[in-house]
Amino acid sequence: MEASSSLRFQVSGFSLPKIWLCLFLVFVLQNCSPALSDSPYLVGMGSYDITGPAADVNMMGYANSEQIASGIHFRLKARAFIVAEPNGKRVVFVNLDACMASQIVTIKVLERLKARYGDLYNENNVAISGIHTHAGPGGYLQYVVYIVTSLGFVRQSFDVIVNGIEQCIVEAHNNLRPGKIYVNKGDLLDAGVNRSPSAYLNNPAEERGKYKYDVDKEMTLVKFVDDESGPVGSFNWFATHGTSMSRTNSLISGDNKGAAARFMEDWAEQNGIPKQAAHGNHDGLESLHMTSGLPRRVSLIIPEPNEITDDLVQLASSYEASGGLRLSGSSIIRRIRSTQQNRPKFVSAFCQSNCGDVSPNVLGTFCIDTGLPCDFNHSTCNGKNELCYGRGPGYPDEFESTRIIGNRQFQKAVDLFNSASEEIQGKVDFRHTYLDFSQLEVNIPTSTGGQQVVKTCPAAMGFAFAAGTTDGPGAFDFKQGDAKGNAFWRLVRNLLKKPGKEQVQCQAPKPILLDTGEMKEPYDWAPAILPIQIIRIGQLVILCVPGEFTTMAGRRLRDAVKTVLTSDNSGEFNNIHVVLAGLTNTYSQYITTFEEYQIQRYEGASTLYGPHTLSAYIQEFQKLATAMVANKEVPIKFQPPDMLDKQIELLPGVIFDSTPHGVKFGDVSSDVPANSTFSKGSIVNATFYSACPRNDLLTDGTFALVEKLDGSNNWVPAYDDDDWSLRFKWSRPSKLSSRSFATLEWTIPEDAPSGVYRLRHFGASKPLIGSIEHFTGTSRAFAVR
């Protein structure tokens, strides 16, 4: 009664036009509301710099103690997406320009997220995955076997990754907006080949007959579209190793996947993505990559190309090197990049999948002494594995191979991005648990149709592990396909830890070289407790695995999970897309099929937990999938160890930096020639008196800069050390010298604007007594035609 009388009173106080106006507004709002709520998800993207120490630190991946970082090819990033139901669950996926995820990194990131957001983000709904570049600083994992060549734990490597992951998630969280997600997939045929075909051929012929290729050629891409800004990012999964850069490279690099991400983010920026409307023209691929062999990310304040006249050449010659200048701090260095990021940015990630036996060196494997193909079964040349190398498409230039394989992935991703039309719809969900892979009981079928219970083993590495792969061969007389080992190396092994009879039988036919799972001094050499995880976003299902699955192992796992999910009679999981995200949340080396394990090539020798490792994964992922279908929780019986306090750091710190008497940090040691004019495609370089890059990583900043003179005679930033065309190379005259040099090497892109340029170096020096001081210096100017 009270409500109705009140309504009559309010209506009686309105004039007829006001009533019609109210009815019109109600009509408009009712008709607009479906559009406002059409987007089933909140979507957020974020990225942050994780480039580690560019000097003195061993690179992670090849286990080559001589591969020490000494500069930057381009910077490394952590990239994240968050997808949330407006009033429901949410998931986070982080892709790292790093060799792999690390258990201790994951633990510490989750601790930070809990302190910041409470239980909103946790081990169940956060996945952290690595692209598997072999050109990033190591020392950020907690198990001994993975930090031997880096002289133990490297706190600087660890800290920058943990902080970068946290910051990219924070950015994605702050960017959460209503949006839509689309999925698309297609084949990329020329970006990977099988590097262990003899092991692949040991899989059943009937199974191999189901597939056209001996590696997975399919790329799966998800496109994120903000309701207001339009497309804001994309993540894709495709299997190929991050080994286009060789084991002798010393420049920090995201390898082919990091390059692909740079190229796609450049493409998006030059095409105005994201923008206010989602209906923009998304082609223009030719403008960035079809006309230029060297992709770039150039400041938008650089004008269109102009003709070089004699006056401009004379103008360039009037700008000499600045000499070293002291800076008050690093904030000015960071502002250079932030001035280019005052608008929404497009985030693109090229994620890793089942890359275990997939090489980007697609031209094949050849003996470096004879040029003949390597031995098929053992990848040797006259019995020596050290001489057998895979060749990338840019052979003998590893940078060109990296660019080509990265560009092929980029072009396929753009094609899938532009043609994506299948909208993702459905629940956001996740399941996660920890398992003890050192003693996991596994039910496997017998030849008679029954069931047999077997067990996984404590971790161990076989002799063929030391042989390396055709992407990066090992040393001494090890070779792939070795199921016997030899007496000398057994003797050496026994000095460390002789495996027991039970372990030998469990791991057979693998001849054990390092019994890492039973080596506990000074702390654990290898992991035992591993995470497995399923993330679901509508019809997209991501299997997060802590290792490198081979092609066939990945196929079996995907098929097994898909079978469980699609057996649900509700139809909720019809038309699902199952992708495998490798090297996620922690790292435990390789996972082959049972049949591939028998051959004991590198991948089989590196399958830590014995011949039934894959069966264990399939069994446990099926349990997660069953729980997801039944909407049940998964019990957690184990927790991985936090061994941060046990870590041993043997890499010496920077004691002090120095220059010759009368020379300042930032002074030019070798300048650009006077009165120089360079054409597009030429290389310009200058060398500066510098200091150790470990003094300040200049995170989200730059050590190197190309500046262009604008029409007002102001120097504006054009390219920095995150650009493909500019390389920062650091060196010492001798290993123990306190003096060092920075060489900036700029390959002028074909589409660089003509004009007057100079090179600028930033750095930070450490005195013997006192605090770190930042500095800068420039080369003399030069003209570009």
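This briefing describes aromatic pairs, charges over rings, one threonine and the disulfides of the structure above. The model is predicted, so local features need pLDDT of at least 70 and side-chain atom pairs count only at pLDDT 80 or more, while totals for chains, interfaces and linings use all residues. Residues are numbered from 1 along each chain as its sequence is written, and side-chain values use heavy atoms, with hydrogens and water left out. The structure holds 32 aromatic pairs, and the count of disulfides comes to 3.

**Aromatic pairs**

- Rings of Phe, Tyr and Trp (its six-membered ring) form a pair if their centres lie within 6.5 Å; planes under 30 degrees apart count as stacked, over 60 as edge-to-face and the rest as tilted.
- One of the 32 aromatic pairs is formed by Trp-267 and Phe-417, whose ring centres are 5.8 Å apart; the planes stand at 90 degrees, so the pair is edge-to-face.
- This pair links distant parts of the chain, with Trp-267 in helix α7 (residues 255-270) and Phe-417 in helix α11 (residues 398-419), 150 residues apart.
- Helices (H or I, at least four residues) and strands (E, at least two) are DSSP runs, numbered from the N terminus.
- Trp-267 has a relative accessible area of 0% and is buried; Phe-417 is also buried, with a value of 0%.
- Buried means under 20% relative accessible area, exposed over 50%, and partly exposed in between (1.4 Å probe, protein chains only).
- Phe-417 also forms an edge-to-face pair with Phe-346, at 5.6 Å centre to centre and with 80 degrees between the planes.
- In this second pair, Phe-346 lies in the loop between α10 (331-338) and β13 (347-351), while Phe-417 is in helix α11; the two are 71 residues apart and link distant parts of the chain.
- Phe-346 counts as buried, at 6% relative accessibility.
- Elsewhere, ring pairs link Phe-81, Phe-93, Phe-224, Phe-235 and Trp-237 into a cluster.

**Charges over rings**

- A charge sits over a ring if NZ of Lys or CZ of Arg is within 6 Å of the ring centre and within 35 degrees of the ring normal.
- Arg-391 lies over the face of Tyr-395, at 4.3 Å from the ring centre.
- Tyr-211 has the charged end of Arg-555 over its ring, 3.9 Å from the centre.

**The surroundings of Thr-469**

- Thr-469 is placed in the loop between β21 (461-462) and α12 (487-496), and it counts as buried at 8% relative accessibility.
- The side chain of Thr-469 reaches the backbone nitrogen of Asp-471 at 3.0 Å.
- Leaving aside residues up to four places away in sequence, Thr-469 touches Arg-195, Gln-480 and Tyr-602, where contact means heavy atoms within 4.5 Å.

**Disulfides**

- A disulfide is a covalent bond between the sulfur atoms of two cysteines.
- Here, a disulfide is counted for a pair of cysteine sulfur atoms within 2.5 Å.
- Cys-367 is joined to Cys-381 by a disulfide, S to S 2.1 Å; the torsion about the S-S bond is about -100 degrees, so this disulfide is left-handed.
- Cys-367 in strand β15 (residues 364-367) and Cys-381 in the loop between β15 and β16 (388-391) are 14 residues apart, and the pair links distant parts of the chain.
- Both Cys-367 and Cys-381 are buried.
- Another disulfide joins Cys-374 to Cys-388, S to S 2.2 Å; with a torsion of about 115 degrees about the S-S bond, this disulfide is right-handed.
- Cys-374 lies in the loop between β15 and β16 and Cys-388 in strand β16, so this pair ties together parts that are 14 residues apart in sequence.
- Both Cys-374 and Cys-388 are buried.
- A further disulfide joins Cys-457 to Cys-506, S to S 2.0 Å; its S-S torsion is about -90 degrees, so the disulfide is left-handed.
- This pair links distant parts of the chain, 49 residues apart: Cys-457 in the loop between β20 (451-455) and β21, and Cys-506 in helix α13 (residues 501-507).
- Cys-457 counts as buried, at 0% relative accessibility, whereas Cys-506 is partly exposed, with a relative accessible area of 21%.
- When the bonded cysteines of the protein chain are numbered in sequence order, the pairing is 1-3, 2-4, 5-6.

Terms used: A polar contact is a pair of N or O atoms within 3.5 Å; within protein, one must be able to donate a hydrogen and the other to accept it, and residues adjacent in sequence count only if both atoms are side-chain atoms.
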